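Please report on the structure below.

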Amino acid sequence: MLSSKRFFRIISDHLVATPARLKVLSALDTQRIYVENVRAFLGTSTWIARQICETAVRQGLFVKRVQILCPDGAVALTVDDEKAVPDEVQCWREVDGELEPVSERTERLDRLEFYQLVRSTA
Amino acid sequence: MARLEHATVEQLRRLLEFFPAPKLKSEWPGLKGQKKEDACEIIARTGDHARIGTFLMANFAHCRQHVLLLSRQNMQSDPLAALPPSDALGQPHGGVSYHLASVPYSVYLLDPVEEVQVNVLWPIKIEQQDEITLLRTFVLERDPNNYSGRPLLKAVRNFDEKKLASDLVNLGLPGLDINKGVKFLWDMKAVDAPRVRYKESESTYTVDMDDGKGLRDTKPEAYVEIVKKPLLNTNFRPQEDPEDPEKTQKIFQANPTFGRLGFTSYSDDPGDTDAVIKAILQNN
(Lines give C-alpha, C1' and ligand atoms only; values in the text may rest on other atoms or scores of the structure.)
Protein backbone atom coordinates (compact mmCIF):
# COMPACT_ATOMS: atom_id res chain seq x y z
CA MET A 1 0.00 0.00 0.00
CA LEU A 2 1.23 3.49 -0.78
CA SER A 3 1.88 5.83 2.12
CA SER A 4 0.42 9.30 1.71
CA LYS A 5 3.97 10.61 1.53
CA ARG A 6 4.78 8.25 -1.33
CA PHE A 7 1.51 9.01 -3.09
CA PHE A 8 2.31 12.71 -3.17
CA ARG A 9 5.91 11.94 -4.13
CA ILE A 10 4.68 10.09 -7.21
CA ILE A 11 2.56 13.06 -8.10
CA SER A 12 5.32 15.58 -7.41
CA ASP A 13 7.93 13.48 -9.29
CA HIS A 14 5.78 13.80 -12.35
CA LEU A 15 5.06 17.41 -11.55
CA VAL A 16 8.70 18.40 -11.75
CA ALA A 17 9.20 16.18 -14.76
CA THR A 18 7.67 18.48 -17.31
CA PRO A 19 6.15 21.96 -17.32
CA ALA A 20 3.27 20.58 -19.40
CA ARG A 21 2.32 18.20 -16.58
CA LEU A 22 2.55 20.99 -14.04
CA LYS A 23 0.08 22.92 -16.13
CA VAL A 24 -2.26 19.94 -16.26
CA LEU A 25 -2.24 19.43 -12.50
CA SER A 26 -2.71 23.09 -11.71
CA ALA A 27 -5.74 23.07 -13.97
CA LEU A 28 -7.23 20.02 -12.27
CA ASP A 29 -10.23 20.62 -10.07
CA THR A 30 -9.38 18.66 -6.92
CA GLN A 31 -13.10 18.23 -6.28
CA ARG A 32 -13.62 16.50 -9.67
CA ILE A 33 -10.78 14.10 -10.39
CA TYR A 34 -11.58 11.46 -13.01
CA VAL A 35 -9.34 8.43 -13.51
CA GLU A 36 -8.72 9.65 -17.05
CA ASN A 37 -7.40 12.99 -15.72
CA VAL A 38 -4.86 11.13 -13.57
CA ARG A 39 -3.96 8.76 -16.42
CA ALA A 40 -3.42 11.62 -18.86
CA PHE A 41 -1.44 13.55 -16.26
CA LEU A 42 0.87 10.68 -15.38
CA GLY A 43 0.98 9.30 -18.94
CA THR A 44 0.38 5.87 -17.51
CA SER A 45 -2.20 3.12 -17.99
CA THR A 46 -5.80 3.42 -16.86
CA TRP A 47 -5.25 0.50 -14.48
CA ILE A 48 -2.36 2.23 -12.67
CA ALA A 49 -4.24 5.53 -12.52
CA ARG A 50 -7.22 3.75 -10.96
CA GLN A 51 -4.98 1.97 -8.42
CA ILE A 52 -3.48 5.31 -7.37
CA CYS A 53 -6.95 6.81 -6.88
CA GLU A 54 -8.22 3.77 -4.97
CA THR A 55 -5.10 3.79 -2.77
CA ALA A 56 -5.73 7.43 -2.01
CA VAL A 57 -9.32 6.51 -1.01
CA ARG A 58 -8.09 3.77 1.33
CA GLN A 59 -5.68 6.23 2.91
CA GLY A 60 -8.37 8.85 3.40
CA LEU A 61 -6.85 11.30 0.92
CA PHE A 62 -9.61 10.97 -1.67
CA VAL A 63 -13.31 10.21 -1.42
CA LYS A 64 -15.05 8.47 -4.30
CA ARG A 65 -18.36 9.72 -5.64
CA VAL A 66 -20.62 8.62 -8.46
CA GLN A 67 -22.36 10.58 -11.20
CA ILE A 68 -25.49 9.32 -12.95
CA LEU A 69 -25.37 10.27 -16.62
CA CYS A 70 -28.41 10.99 -18.79
CA PRO A 71 -28.45 9.27 -22.22
CA ASP A 72 -26.85 12.39 -23.76
CA GLY A 73 -23.98 12.26 -21.23
CA ALA A 74 -25.15 15.18 -19.07
CA VAL A 75 -24.82 14.55 -15.33
CA ALA A 76 -28.29 14.21 -13.79
CA LEU A 77 -27.20 13.50 -10.23
CA THR A 78 -24.09 13.07 -8.07
CA VAL A 79 -24.23 10.73 -5.08
CA ASP A 80 -21.80 9.61 -2.38
CA ASP A 81 -22.88 6.00 -2.53
CA GLU A 82 -24.40 3.87 -5.30
CA LYS A 83 -26.93 2.63 -2.74
CA ALA A 84 -28.32 6.16 -2.54
CA VAL A 85 -29.26 6.25 -6.23
CA PRO A 86 -33.00 6.91 -6.72
CA ASP A 87 -35.07 4.83 -9.15
CA GLU A 88 -35.54 7.74 -11.56
CA VAL A 89 -33.87 11.02 -12.44
CA GLN A 90 -34.89 13.84 -14.73
CA CYS A 91 -33.11 14.32 -18.03
CA TRP A 92 -33.81 16.45 -21.09
CA ARG A 93 -34.54 15.22 -24.57
CA GLU A 94 -34.80 17.22 -27.77
CA VAL A 95 -38.04 16.55 -29.65
CA ASP A 96 -38.72 18.48 -32.87
CA GLY A 97 -36.17 21.11 -31.87
CA GLU A 98 -37.61 21.64 -28.37
CA LEU A 99 -36.23 20.37 -25.08
CA GLU A 100 -38.63 18.27 -23.04
CA PRO A 101 -38.08 16.93 -19.51
CA VAL A 102 -38.13 13.17 -19.35
CA SER A 103 -37.86 10.77 -16.41
CA GLU A 104 -35.25 8.11 -16.93
CA ARG A 105 -34.90 4.93 -14.89
CA THR A 106 -31.44 5.01 -13.32
CA GLU A 107 -30.93 1.27 -13.94
CA ARG A 108 -30.65 2.18 -17.67
CA LEU A 109 -28.12 4.98 -17.14
CA ASP A 110 -24.34 5.02 -17.04
CA ARG A 111 -22.51 5.73 -13.80
CA LEU A 112 -19.24 7.63 -13.81
CA GLU A 113 -16.96 7.55 -10.79
CA PHE A 114 -14.79 10.46 -9.76
CA TYR A 115 -12.67 11.37 -6.78
CA GLN A 116 -12.41 14.38 -4.50
CA LEU A 117 -9.35 15.39 -2.55
CA VAL A 118 -10.33 15.52 1.12
CA ARG A 119 -10.10 19.20 1.98
CA SER A 120 -8.05 18.69 5.18
CA THR A 121 -5.25 17.16 3.05
CA ALA A 122 -5.42 19.81 0.36
CA MET B 1 -28.15 -24.31 -33.61
CA ALA B 2 -31.80 -25.01 -32.82
CA ARG B 3 -32.90 -21.43 -33.41
CA LEU B 4 -31.39 -21.41 -36.89
CA GLU B 5 -32.59 -24.91 -37.81
CA HIS B 6 -36.15 -24.13 -36.76
CA ALA B 7 -36.21 -20.61 -38.17
CA THR B 8 -39.12 -19.68 -40.41
CA VAL B 9 -38.57 -18.19 -43.86
CA GLU B 10 -39.55 -14.77 -42.45
CA GLN B 11 -36.98 -15.06 -39.65
CA LEU B 12 -34.27 -16.08 -42.12
CA ARG B 13 -35.19 -13.15 -44.40
CA ARG B 14 -34.83 -10.71 -41.52
CA LEU B 15 -31.55 -12.34 -40.50
CA LEU B 16 -30.11 -12.11 -44.04
CA GLU B 17 -31.13 -8.46 -44.34
CA PHE B 18 -28.52 -7.59 -41.68
CA PHE B 19 -25.86 -8.30 -44.34
CA PRO B 20 -24.71 -6.03 -47.19
CA ALA B 21 -26.15 -7.01 -50.58
CA PRO B 22 -22.75 -7.50 -52.31
CA LYS B 23 -21.77 -10.12 -49.71
CA LEU B 24 -25.05 -12.01 -50.15
CA LYS B 25 -24.65 -11.98 -53.95
CA SER B 26 -21.05 -13.06 -53.70
CA GLU B 27 -22.01 -16.14 -51.64
CA TRP B 28 -25.08 -16.86 -53.80
CA PRO B 29 -23.90 -15.73 -57.27
CA GLY B 30 -27.17 -16.70 -58.97
CA LEU B 31 -28.82 -13.70 -57.33
CA LYS B 32 -26.94 -11.00 -59.25
CA GLY B 33 -29.37 -8.34 -60.45
CA GLN B 34 -31.95 -9.12 -57.76
CA LYS B 35 -33.05 -6.48 -55.26
CA LYS B 36 -31.69 -7.17 -51.77
CA GLU B 37 -35.11 -7.94 -50.27
CA ASP B 38 -35.86 -10.42 -53.07
CA ALA B 39 -32.41 -11.98 -52.78
CA CYS B 40 -32.94 -12.47 -49.02
CA GLU B 41 -36.29 -14.18 -49.63
CA ILE B 42 -34.83 -16.53 -52.27
CA ILE B 43 -31.94 -17.52 -49.99
CA ALA B 44 -34.31 -17.96 -47.03
CA ARG B 45 -36.51 -20.28 -49.09
CA THR B 46 -33.57 -22.57 -49.85
CA GLY B 47 -33.77 -23.63 -46.19
CA ASP B 48 -30.04 -24.28 -46.26
CA HIS B 49 -29.54 -23.45 -42.60
CA ALA B 50 -25.99 -24.78 -42.42
CA ARG B 51 -24.83 -22.59 -45.31
CA ILE B 52 -26.58 -19.54 -43.86
CA GLY B 53 -24.91 -20.19 -40.48
CA THR B 54 -21.48 -20.50 -42.08
CA PHE B 55 -22.09 -17.33 -44.12
CA LEU B 56 -23.15 -15.47 -40.97
CA MET B 57 -19.95 -16.31 -39.10
CA ALA B 58 -17.69 -15.59 -42.09
CA ASN B 59 -19.29 -12.20 -42.80
CA PHE B 60 -20.01 -10.94 -39.28
CA ALA B 61 -17.35 -8.20 -39.52
CA HIS B 62 -19.03 -6.66 -42.61
CA CYS B 63 -22.22 -5.82 -40.74
CA ARG B 64 -23.29 -2.75 -38.82
CA GLN B 65 -22.51 -3.55 -35.21
CA HIS B 66 -22.13 -2.43 -31.64
CA VAL B 67 -19.06 -3.57 -29.74
CA LEU B 68 -18.85 -3.63 -25.95
CA LEU B 69 -15.33 -4.01 -24.56
CA LEU B 70 -15.73 -5.45 -21.09
CA SER B 71 -13.34 -5.84 -18.20
CA ARG B 72 -13.61 -9.39 -16.79
CA GLN B 73 -13.64 -8.57 -13.09
CA ASN B 74 -15.41 -11.87 -12.56
CA MET B 75 -13.70 -14.43 -14.81
CA GLN B 76 -16.61 -16.85 -14.42
CA SER B 77 -19.23 -14.42 -15.71
CA ASP B 78 -20.99 -15.24 -18.93
CA PRO B 79 -22.16 -12.13 -20.84
CA LEU B 80 -24.91 -14.21 -22.49
CA ALA B 81 -26.72 -14.10 -19.14
CA ALA B 82 -27.52 -10.42 -19.84
CA LEU B 83 -28.81 -11.09 -23.36
CA PRO B 84 -32.04 -12.60 -24.68
CA PRO B 85 -32.08 -16.44 -24.86
CA SER B 86 -29.65 -17.76 -27.47
CA ASP B 87 -28.07 -20.89 -29.00
CA ALA B 88 -24.42 -21.45 -29.85
CA LEU B 89 -23.77 -21.22 -33.61
CA GLY B 90 -20.13 -22.14 -33.71
CA GLN B 91 -16.72 -21.75 -32.16
CA PRO B 92 -14.29 -21.37 -35.08
CA HIS B 93 -11.20 -20.85 -32.95
CA GLY B 94 -10.11 -20.49 -29.35
CA GLY B 95 -11.84 -17.79 -27.38
CA VAL B 96 -14.27 -16.85 -30.18
CA SER B 97 -17.86 -18.01 -30.25
CA TYR B 98 -20.95 -17.09 -32.26
CA HIS B 99 -24.49 -17.22 -30.93
CA LEU B 100 -27.95 -16.57 -32.24
CA ALA B 101 -30.47 -14.93 -29.92
CA SER B 102 -34.17 -14.16 -30.46
CA VAL B 103 -35.28 -10.60 -29.83
CA PRO B 104 -39.03 -10.38 -29.28
CA TYR B 105 -41.07 -7.54 -30.79
CA SER B 106 -44.75 -6.77 -30.35
CA VAL B 107 -45.96 -5.61 -33.77
CA TYR B 108 -49.29 -3.80 -34.13
CA LEU B 109 -50.86 -4.16 -37.58
CA LEU B 110 -53.91 -2.45 -39.08
CA ASP B 111 -56.77 -3.70 -41.34
CA PRO B 112 -57.79 -5.22 -38.99
CA VAL B 113 -56.00 -4.11 -35.82
CA GLU B 114 -53.96 -7.02 -34.55
CA GLU B 115 -51.01 -7.54 -32.21
CA VAL B 116 -48.47 -10.02 -33.57
CA GLN B 117 -45.36 -11.35 -31.82
CA VAL B 118 -42.24 -11.35 -34.01
CA ASN B 119 -38.93 -12.89 -32.98
CA VAL B 120 -35.96 -11.40 -34.80
CA LEU B 121 -32.85 -13.58 -34.91
CA TRP B 122 -29.92 -11.56 -33.57
CA PRO B 123 -26.33 -12.70 -34.14
CA ILE B 124 -23.83 -12.25 -31.30
CA LYS B 125 -20.06 -12.71 -31.33
CA ILE B 126 -18.11 -13.15 -28.09
CA GLU B 127 -14.35 -12.99 -27.93
CA GLN B 128 -12.45 -13.72 -24.71
CA GLN B 129 -8.97 -12.19 -24.53
CA ASP B 130 -7.28 -12.70 -21.16
CA GLU B 131 -8.98 -10.18 -18.89
CA ILE B 132 -11.12 -8.61 -21.63
CA THR B 133 -14.36 -9.76 -23.21
CA LEU B 134 -15.52 -8.36 -26.55
CA LEU B 135 -19.26 -8.58 -27.04
CA ARG B 136 -20.44 -7.75 -30.56
CA THR B 137 -24.04 -7.50 -31.64
CA PHE B 138 -25.69 -6.38 -34.86
CA VAL B 139 -27.42 -2.99 -34.87
CA LEU B 140 -31.12 -3.76 -34.37
CA GLU B 141 -33.67 -1.86 -36.42
CA ARG B 142 -36.33 0.08 -34.54
CA ASP B 143 -39.05 -1.86 -36.41
CA PRO B 144 -38.66 -5.37 -37.81
CA ASN B 145 -39.39 -5.56 -41.52
CA ASN B 146 -43.08 -5.92 -42.14
CA TYR B 147 -43.80 -8.76 -44.55
CA SER B 148 -47.51 -8.98 -43.73
CA GLY B 149 -48.69 -6.78 -46.60
CA ARG B 150 -50.77 -4.85 -44.05
CA PRO B 151 -50.07 -1.34 -42.69
CA LEU B 152 -47.88 -1.23 -39.59
CA LEU B 153 -49.11 0.91 -36.70
CA LYS B 154 -46.05 0.47 -34.52
CA ALA B 155 -43.59 -2.09 -33.23
CA VAL B 156 -42.23 -2.35 -29.69
CA ARG B 157 -38.99 -4.18 -28.98
CA ASN B 158 -39.32 -6.23 -25.82
CA PHE B 159 -35.63 -6.12 -25.04
CA ASP B 160 -34.10 -3.03 -23.50
CA GLU B 161 -30.68 -2.65 -25.10
CA LYS B 162 -30.02 0.43 -22.94
CA LYS B 163 -30.20 -1.72 -19.81
CA LEU B 164 -27.64 -4.18 -21.16
CA ALA B 165 -24.62 -2.20 -19.88
CA SER B 166 -25.89 -2.07 -16.28
CA ASP B 167 -26.86 -5.76 -16.40
CA LEU B 168 -23.30 -6.57 -17.50
CA VAL B 169 -21.89 -4.46 -14.66
CA ASN B 170 -24.02 -6.48 -12.23
CA LEU B 171 -22.50 -9.66 -13.70
CA GLY B 172 -18.99 -8.36 -12.97
CA LEU B 173 -18.38 -7.22 -16.57
CA PRO B 174 -18.10 -3.41 -16.52
CA GLY B 175 -17.10 -1.47 -19.62
CA LEU B 176 -13.36 -1.23 -20.17
CA ASP B 177 -11.97 2.32 -20.15
CA ILE B 178 -10.40 2.71 -23.62
CA ASN B 179 -9.63 6.45 -23.49
CA LYS B 180 -5.91 5.73 -23.82
CA GLY B 181 -6.22 3.44 -26.84
CA VAL B 182 -8.69 5.69 -28.66
CA LYS B 183 -6.59 8.78 -28.00
CA PHE B 184 -3.53 6.95 -29.32
CA LEU B 185 -5.25 6.45 -32.70
CA TRP B 186 -6.33 10.09 -32.63
CA ASP B 187 -2.83 11.27 -31.76
CA MET B 188 -1.24 9.09 -34.47
CA LYS B 189 -3.55 10.74 -37.04
CA ALA B 190 -5.20 7.46 -37.94
CA VAL B 191 -8.54 9.16 -37.20
CA ASP B 192 -9.94 12.62 -36.50
CA ALA B 193 -13.20 13.59 -34.82
CA PRO B 194 -15.95 15.73 -36.37
CA ARG B 195 -17.98 15.48 -33.14
CA VAL B 196 -16.51 15.26 -29.65
CA ARG B 197 -18.27 14.92 -26.32
CA TYR B 198 -16.15 15.08 -23.19
CA LYS B 199 -16.37 15.58 -19.45
CA GLU B 200 -15.07 18.76 -17.96
CA SER B 201 -14.83 19.44 -14.26
CA GLU B 202 -18.41 20.57 -13.61
CA SER B 203 -19.97 20.21 -17.05
CA THR B 204 -20.19 18.10 -20.17
CA TYR B 205 -19.17 19.63 -23.48
CA THR B 206 -19.95 18.78 -27.07
CA VAL B 207 -17.97 20.17 -29.98
CA ASP B 208 -19.58 19.81 -33.42
CA MET B 209 -17.10 20.80 -36.09
CA ASP B 210 -18.34 22.77 -39.11
CA ASP B 211 -18.49 20.98 -42.46
CA GLY B 212 -17.46 17.69 -40.85
CA LYS B 213 -13.91 18.91 -40.23
CA GLY B 214 -11.73 17.09 -37.73
CA LEU B 215 -11.12 18.74 -34.35
CA ARG B 216 -7.45 17.77 -34.04
CA ASP B 217 -6.42 19.21 -37.40
CA THR B 218 -8.68 22.27 -37.21
CA LYS B 219 -8.40 23.29 -33.56
CA PRO B 220 -5.08 21.90 -32.27
CA GLU B 221 -5.11 24.12 -29.14
CA ALA B 222 -8.49 22.74 -28.06
CA TYR B 223 -7.37 19.22 -28.96
CA VAL B 224 -4.40 19.20 -26.55
CA GLU B 225 -6.72 20.15 -23.69
CA ILE B 226 -9.56 17.78 -24.60
CA VAL B 227 -7.32 14.69 -24.70
CA LYS B 228 -6.71 15.13 -20.97
CA LYS B 229 -10.43 14.64 -20.24
CA PRO B 230 -12.70 11.57 -20.24
CA LEU B 231 -14.32 11.19 -23.66
CA LEU B 232 -18.00 10.33 -24.01
CA ASN B 233 -19.90 9.67 -27.29
CA THR B 234 -17.52 10.86 -29.98
CA ASN B 235 -17.61 10.34 -33.73
CA PHE B 236 -14.35 9.37 -35.38
CA ARG B 237 -13.56 9.35 -39.07
CA PRO B 238 -10.62 7.50 -40.62
CA GLN B 239 -7.95 9.77 -42.05
CA GLU B 240 -8.16 10.47 -45.77
CA ASP B 241 -6.68 7.77 -47.97
CA PRO B 242 -6.01 8.70 -51.63
CA GLU B 243 -6.40 5.03 -52.60
CA ASP B 244 -9.76 4.71 -50.87
CA PRO B 245 -11.77 7.96 -51.16
CA GLU B 246 -14.80 6.37 -49.47
CA LYS B 247 -12.83 5.51 -46.34
CA THR B 248 -13.59 8.86 -44.67
CA GLN B 249 -17.34 8.12 -44.95
CA LYS B 250 -16.94 5.22 -42.54
CA ILE B 251 -17.51 7.15 -39.35
CA PHE B 252 -17.58 5.13 -36.19
CA GLN B 253 -18.75 6.13 -32.77
CA ALA B 254 -16.80 5.58 -29.58
CA ASN B 255 -17.75 6.09 -25.96
CA PRO B 256 -14.25 5.39 -24.57
CA THR B 257 -15.08 5.96 -20.90
CA PHE B 258 -17.58 3.09 -21.03
CA GLY B 259 -15.77 0.85 -23.54
CA ARG B 260 -18.29 1.11 -26.38
CA LEU B 261 -17.84 1.28 -30.13
CA GLY B 262 -20.48 1.59 -32.81
CA PHE B 263 -19.83 0.77 -36.46
CA THR B 264 -22.99 1.89 -38.18
CA SER B 265 -21.79 1.57 -41.78
CA TYR B 266 -21.32 -1.66 -43.67
CA SER B 267 -17.68 -2.61 -43.94
CA ASP B 268 -16.29 -3.87 -47.28
CA ASP B 269 -13.07 -5.07 -45.75
CA PRO B 270 -13.68 -7.39 -42.81
CA GLY B 271 -10.46 -6.03 -41.33
CA ASP B 272 -11.88 -2.52 -40.90
CA THR B 273 -13.80 -3.23 -37.70
CA ASP B 274 -11.33 -5.75 -36.35
CA ALA B 275 -8.36 -3.50 -37.15
CA VAL B 276 -9.83 -0.56 -35.23
CA ILE B 277 -10.58 -2.72 -32.17
CA LYS B 278 -7.15 -4.37 -32.27
CA ALA B 279 -5.33 -1.03 -32.55
CA ILE B 280 -7.30 0.42 -29.63
CA LEU B 281 -6.63 -2.58 -27.38
CA GLN B 282 -2.95 -2.82 -28.30
CA ASN B 283 -2.40 0.80 -27.28
CA ASN B 284 -4.70 0.99 -24.31
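B:Phe159 is buried, with a relative accessible area of 12%. Buried here means under 20% relative accessible area, exposed means over 50%, and partly exposed is in between, with a 1.4 Å probe and protein chains only. B:Phe159 lies in the loop between β6 (152-157) and α6 of chain B. Its C-alpha atom is separated by 8.0 Å from that of B:Tyr105, 54 residues apart along the chain.

This is a predicted model, in which local features need pLDDT of at least 70, side-chain atom pairs count only at pLDDT 80 or more, and totals for chains, interfaces and linings use all residues. Residues are numbered from 1 along each chain as its sequence is written, chains are lettered from A and ligands numbered from 1 in the order in which they are written, and side-chain values use heavy atoms, with hydrogens and water left out.

**Chain A and helix α7 of chain B**

Chain A has four helices and five strands. Helices (H or I, at least four residues) and strands (E, at least two) are DSSP runs, numbered from the N terminus. From the N terminus on, the order in chain A is α-α-α-α-β-β-β-β-β. Of its 122 residues, 38% count as buried.

In chain B, helix α7 spans residues 179-187. Its buried residues are B:Asn179, B:Gly181, B:Val182, B:Lys183, B:Leu185 and B:Trp186. An α-helix has 3.6 residues a turn, so residues three or four places apart point the same way. Just after α7(B), B:Lys189 takes a positive phi of about 65°.

**Backbone exceptions**

Most residues other than glycine have a negative phi, and most peptide bonds are trans. Where does A:Asp96, with its positive phi, lie? A:Asp96 lies in the loop between β3 (88-95) and β4 of chain A. Its phi is near 50°. A:Asp96 counts as exposed, at 78% relative accessibility.

B:Asp111 has a positive phi of about 60°, although it is not a glycine. The residue sits in the loop between β3 and β4 of chain B. At 61% relative accessibility, B:Asp111 is exposed. The peptide bond from B:Asp111 to B:Pro112 is cis, with omega near -5°. B:Pro112 lies in the loop between β3 (96-109) and β4 (114-129) of chain B.

**Rings and charges**

How many aromatic pairs are there over all chains? The count comes to 14. Rings of Phe, Tyr and Trp (its six-membered ring) pair if their centres lie within 6.5 Å; planes under 30 degrees apart count as stacked, over 60 as edge-to-face and the rest as tilted. A:Phe62 and A:Tyr115 form a tilted pair, 6.0 Å centre to centre, with 40° between the planes. This pair links distant parts of the chain. A:Phe62 is in strand β1 (residues 62-69) of chain A, and A:Tyr115 is in strand β5 (residues 110-117) of chain A, 53 residues apart. Both A:Phe62 and A:Tyr115 are buried.

In chain B, ring pairs link B:Phe18, B:Phe19, B:Trp28, B:Phe55, B:Phe60, B:Tyr98 and B:Phe138 into a cluster.

Charges also sit over rings. The rule asks for NZ of Lys or CZ of Arg within 6 Å of the ring centre and within 35 degrees of the ring normal.

| Charged residue | Ring | Distance from ring centre |
|---|---|---|
| B:Arg64 | B:Tyr266 | 5.9 Å |
| B:Lys154 | B:Tyr108 | 5.7 Å |

**Pockets**

A pocket is an open set of points on a 1 Å grid over the protein atoms alone, where a 1.4 Å probe fits, with protein on both sides within 12 Å along at least five of seven lines; lining residues have an atom within 4 Å of a point. Volume is the space filled by probe spheres set on the points, which are joined across faces, edges and corners.

The largest pocket holds about 1,900 Å³ of space. It is lined by 48 residues, and the closest to its centre are A:Pro71, A:Arg108, B:Glu161, B:Lys162 and B:Asn233. Strand β4 (residues 98-105) of chain A gives the most to this lining, with five residues.

The second largest pocket has a volume of about 1,400 Å³. Of its 49 lining residues, A:Arg50, B:Ser71, B:Gln73, B:Pro174 and B:Gly175 lie nearest its centre. The largest share of this lining, six residues, comes from α6(B).
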